[in-house]
Amino acid sequence: MTAVATAPDFVEALNEYQPLLRRVARLYCQDADDRQDLFQEMVLQLWRAWPCYMPQPGAKLSTWLYRVALNVAVSNLRHRTRHPAPGALGADALQVAQATEAAAFEPEETAALYRAIARLSEVDKAFVLLYLEDRPYEEMADILGITQNNVRVKMHRVQEKLRSLLVPAA
């Protein structure tokens with residue numbers, strides 16, 4: 001009888017990859033409460049999908065986790081866009097609240113980067129997240145379901161968009 005490799009325990013995997021899930025939530029939600037809600041939704045969806053997870057030879061658990069987390073984040077963003085919360089703070093009040101949080105916890109350069117990333121499309125945010133996570137193009141292609149060459153082209157375009165958002169026009 002041969003030993004069968006088993007998937008890591010869900011709680012162990014969740015503990016190991018919690019920072020990854022929180023970074024996804026950070027890119028897709030500006031508000032701390034919304035980030036926590038999104039994180040909880042990602043955990044719930046991962047827990048539901050866990051019994052179906054079958055490790056493939058050479059495949060990383062993080063690739064599967066990214067795929068689920070990004071799908072949940074994009075779905076959540078679409079839902080919030082279609083059904084905005086009633087009675088939300090005005091833009092001026094929200095900007096003040098966010099500026100205070102950013103100034104208290106992040107250097108200005110990081111805050112500026114997150115503001116620029118927030119202006120990107122949901123797909124472009126996924127590219128930025130994977131790039132900032134230092135994922136190789138091969139893994140990015142697996143996560144996003146596109147070719148490596150397509151990843152390179154799209155990454156270049158996203159970097160150009162970020163440059164234009166970060167560097168004021170001369």
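**Reading aromatic contacts**

Tutor: Let us begin with a charge and a ring: the charged end of Arg-22 sits over the ring of Phe-39, 3.7 Å from the ring centre. Please keep in mind that this is a predicted model.

Student: Over which ring does the charged end of Arg-26 sit?

Tutor: The charged end of Arg-26 sits over the ring of Tyr-114, with 4.0 Å to the centre of that ring.

Student: How is a pair of aromatic rings described?

Tutor: Such a pair is described by the distance of the centres and the angle of the planes. This structure holds four aromatic pairs. In one of them, the ring centres of Trp-50 and Tyr-53 are 5.6 Å apart and the planes lie at 25°, so the pair is stacked.

Student: Why is the pair of Tyr-53 and Trp-64 tilted?

Tutor: The planes of Tyr-53 and Trp-64 stand at 40°, with the centres 4.7 Å apart, so this pair counts as tilted. Angles under 30 degrees count as stacked and those over 60 as edge-to-face. The pair links distant parts of the chain, with Tyr-53 in the loop between α2 and α3 and Trp-64 in helix α3, eleven residues apart.

Student: Are Tyr-53 and Trp-64 buried or exposed?

Tutor: Both Tyr-53 and Trp-64 are buried. The relative accessible area of Tyr-53 is 10%, and Trp-50 is also buried, at 15%.

Student: Which residues do ring pairs link into a cluster?

Tutor: The cluster consists of Phe-10, Trp-50, Tyr-53 and Trp-64, linked by ring pairs.

Key:
Residues numbered from 1 in each chain as written. Predicted model: local features only at pLDDT ≥ 70, side-chain atom pairs only at ≥ 80, totals over all residues. Heavy atoms only, no water. Phe/Tyr/Trp six-rings, centres within 6.5 Å; stacked < 30°, edge-to-face > 60°. Buried < 20%, exposed > 50% of the residue type's maximum accessible area, 1.4 Å probe, protein only. Helix = DSSP H or I, 4+ residues; strand = E, 2+ residues; numbered from the N terminus. Lys NZ or Arg CZ within 6 Å of the ring centre and 35° of its normal.
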